[in-house]
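Have the viewer open, try each task yourself, and then compare your steps with the worked solution.

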Amino acid sequence: MTATTDRIVLITGANRGIGRALLEEALRRGARRVYAGTREPLGHPDERVTPLLLDVTDAAQIERAARSVPSLDVLVNNAGTALYDDLGDRAAIEDQLAVNLFGAHGVTQAFLPQLTRSRGAVVNNLSMTAFAPLPMVPAYSISKAAAFSLTQSQRALLAGRGIRVHAVFTGPTDTDMSRAFDAPKASPESVARAVFDGVENEEEDIFPDPTSQTMAAGWRSGPAKALEREYAAVGPPHARPAGFGGGGGRGPAHRRPPVPPGTGTRPASRRAAPVPVRARPRSGRSRPAASTYDIRPRRHPRTTRRLEMTTPRPGSILLGTTRPAELRDWYRRALAPDHRGEGPIDLGGFLLVIEERDDVAPGNGEPGRMILNFHVDDFDAVEAQLRAAGVDWLVPVADRPSGRFGTFADPDGNTLQIIRFTRSA
Ligand SMILES: NC(=O)c1ccc[n+]([C@@H]2O[C@H](COP(=O)([O-])OP(=O)(O)OC[C@H]3O[C@@H](n4cnc5c(N)ncnc54)[C@H](OP(=O)(O)O)[C@@H]3O)[C@@H](O)[C@H]2O)c1
């Protein structure tokens with residue numbers, strides 16, 4: 001998901017300030033529809049604007065809004081409130097957390113189904129106070145720091161659904177909110193342009209004005225960002241823990257129906273024919289019937305006899321799909337340009353079998369459950385080949401202590417990684 005043209009966008013707090021500028025900028029960039037979330041009814045001359053009554057602290061309004069929006073590409077959590085305080089009043093902290101943290105959290109949760117379907121983007125308008133508190137607005141700073149942490153976790157957890165999550169570290173901007181704050185300020189229009197530029201350029205952290213720009217390079221190359229990436233890699237970023245996104249990872253709603261005994265993975269009536277194996281008679285023993293494909297693992301030259309007898313060695317993986325031709329074509333372009341024909345794709349001795357099935361959904365609903373890792377020597381060459389094939393990067397290529405990683409998805413949403421381990425890892 002990149003350009004804003006022809007996209008469906010929802011902006012909270014769209015009636016004034018930066019939200020209003022984001023609304024106009026989305027229209028200027030050719031958005032197909034812009035849902036304008038506001039607390040009071042909003043009129044707009046452009047027929048592509050659909051007003052949406054949306055107080056982000058009101059669970060019923062959030063739910064109603066989510067029901068009335070059938071599809072969504074970009075959600076901008078912009079609504080925010082800032083109050084002067086001195087930490088003496090707990091209510092001031094709670095009020096700002098309610099809008100700036102729980103508002104963004106609640107709205108995102110409600111729109112996850114739409115964003116998952118579109119493999120869309122979430123944009124959280126944070127603040128530079130997410131990095132360091134402004135003493136005149138400590139409770140606001142707490143709420144923005146918390147919303148920043150929320151954003152990082154959403155980024156890790158939603159990557160497996162193909163949803164990108166952007167943090168916007170807005171600096172002083174000339175709106176009602178910062179009226180009393182005496183500092184050079186950017187115009188809301190320039191901030192809005194920079195936000196959409198950042199989304200279109202797939203910058204996960206967006207610094208949309210001259211003041212915040214001074215933080216950009218240091219943040220992106222600093223140890224805290226490296227740690228964010230490192231932590232995101234610890235648990236599969238694509239896992240869906242219980243309670244996140246409806247259903248939850250271990251809840252009953254998530255379980256597949258029980259498999260009748262003795263039928264393997266699915267009801268016997270729906271089982272596809274096993275991948276045929278070419279006949280190769282040996283010592284008079286009967287072998288399976290002749291066929292086109294041979295998916296027996298290749299013999300590894302250095303595998304000892306003992307290992308061969310005792311250790312089951314993975315030799316192939318079968319990808320069930322509703323669109324085998326498209327998927328095979330993608331794998332060919334991305335990973336095996338020399339492969340011809342309809343048979344299994346040989347990836348250096350490990351076979352990839354693509355099979356049409358009627359018992360799988362069009363997209364992988366749990367892409368993080370199993371990740372196909374490709375260990376490569378020439379990382380740059382493989383990365384270039386993948387980019388040329390137009391792969392969808394879930395986690396951009398990055399160096400970690402254990403090596404260089406890049407995580408991407410196939411058209412069905414299955415997750416794959418290329419990895420070049422460091423020598424010591
Ligand atoms: N201006 C800055 O210097 C600056 C700097 C860093 C970050 N930001 C962030 O940028 C975002 C936009 O701020 P802004 O400068 O445009 O401020 P603003 O002019 O005060 O606008 C705030 C917007 O948020 C809406 N809002 C507040 N509480 C809401 C709620 N409970 N539900 C739905 N909408 C609600 C307001 O709606 P109503 O009109 O109904 O009140 C308004 O549309 C905020 O998240 C803010 O923290 C601003």
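In the residue classes used here, Ala, Val, Leu, Ile, Met, Phe, Trp, Tyr, Cys and Pro count as nonpolar, Asp, Glu, Lys and Arg as charged, and the others, Gly among them, as polar. The model is predicted, so local features need pLDDT of at least 70 and side-chain atom pairs count only at pLDDT 80 or more, while totals for chains, interfaces and linings use all residues. Residue numbers start from 1 along each chain as its sequence is written.

**Exercise 1. The shell around the ligand**

Task: Find which residues come nearest to the ligand, and sort the shell by class.

Solution. Begin with the cut-off: a residue is near a molecule or strand if its C-beta atom, placed from the backbone, lies within 6 Å of it. Around the ligand there are 29 residues, of which Gly13, Gly17, Ala79, Gly80 and Thr175 come nearest. Next, sort by class: the shell has 16 polar, eight nonpolar and five charged residues. Then look at the helices, which are DSSP runs of H or I with at least four residues, while strands are runs of E with at least two, both numbered from the N terminus. Helices H1 (17–28) and H3 (90–110) each supply at least two residues of the shell. H1 gives the most, with three residues.

**Exercise 2. H1 against H6**

Task: Describe how H1 and helix H6 (residues 188–200) cross.

Solution. Two packed helices are described by the angle between their axes and the distance between the axes. Axes here are lines fitted to C-alpha atoms, for helices over the stretch in contact, and angles run from 0 to 180 degrees between N-to-C directions. The axes of H1 and H6 come within 8 Å and cross at roughly 55°. To name the arrangement, note that angles under 35 degrees count as roughly parallel, over 145 as roughly antiparallel, 65 to 115 as roughly perpendicular and the rest as oblique. H1 and H6 are therefore oblique to each other.

For handedness, a crossing is left-handed if the near helix is turned anticlockwise from the far one by less than a right angle, and right-handed if clockwise. H1 passes H6 in a right-handed crossing. Finally, list the contacts, meaning residue pairs whose C-beta atoms, placed from the backbone, lie within 7 Å. Gly17, Ile18, Ala21, Leu22, Glu25 and Ala26 of H1 meet Pro188, Glu189, Val191, Ala192, Arg193, Val195 and Phe196 of H6. By class, this contact has nine nonpolar, three charged and one polar residues.

**Exercise 3. Two partners of H3**

Task: Work out how H3 is oriented to helix H5 (residues 138–158) and to helix H2 (residues 59–68).

Solution. Take H5 to begin with: its axis and that of H3 come within 8 Å and cross at roughly 20°. That makes H3 roughly parallel to H5. The crossing of H3 past H5 is right-handed. On the H3 side the contact includes Ala92, Ile93 and Gln96, and on the H5 side Ala139, Tyr140 and Ile142 are among the residues. The contact divides into eleven nonpolar, six polar and one charged residues.

Now turn to H2, which packs with H3 at an angle of about 30°, the axes being 9 Å apart. H2 and H3 are therefore roughly parallel to each other. H2 passes H3 in a right-handed crossing. Ala59, Ile62, Glu63 and Ala66 of H2 meet Gly106, Val107 and Ala110 of H3. Here the classes are five nonpolar, one polar and one charged.

**Exercise 4. Positive phi angles**

Task: Locate Asp6 and Glu202, and decide whether each is buried or exposed or partly exposed.

Solution. Start from the background: most residues other than glycine have a negative phi. Asp6 has a positive phi of about 65° although it is not a glycine, and Glu202 has one of about 60°. Asp6 lies in the segment before strand S1 (8–12), whereas Glu202 lies in the loop between H6 and strand S7 (205–206). For burial, count other C-beta atoms, placed from the backbone, within 10 Å of the residue's own: 20 or more is buried, 12 or fewer exposed, and in between partly exposed. Asp6 is exposed, with 11; Glu202 is partly exposed, with 13.

Conventions. Contact = placed C-beta atoms within 7 Å.
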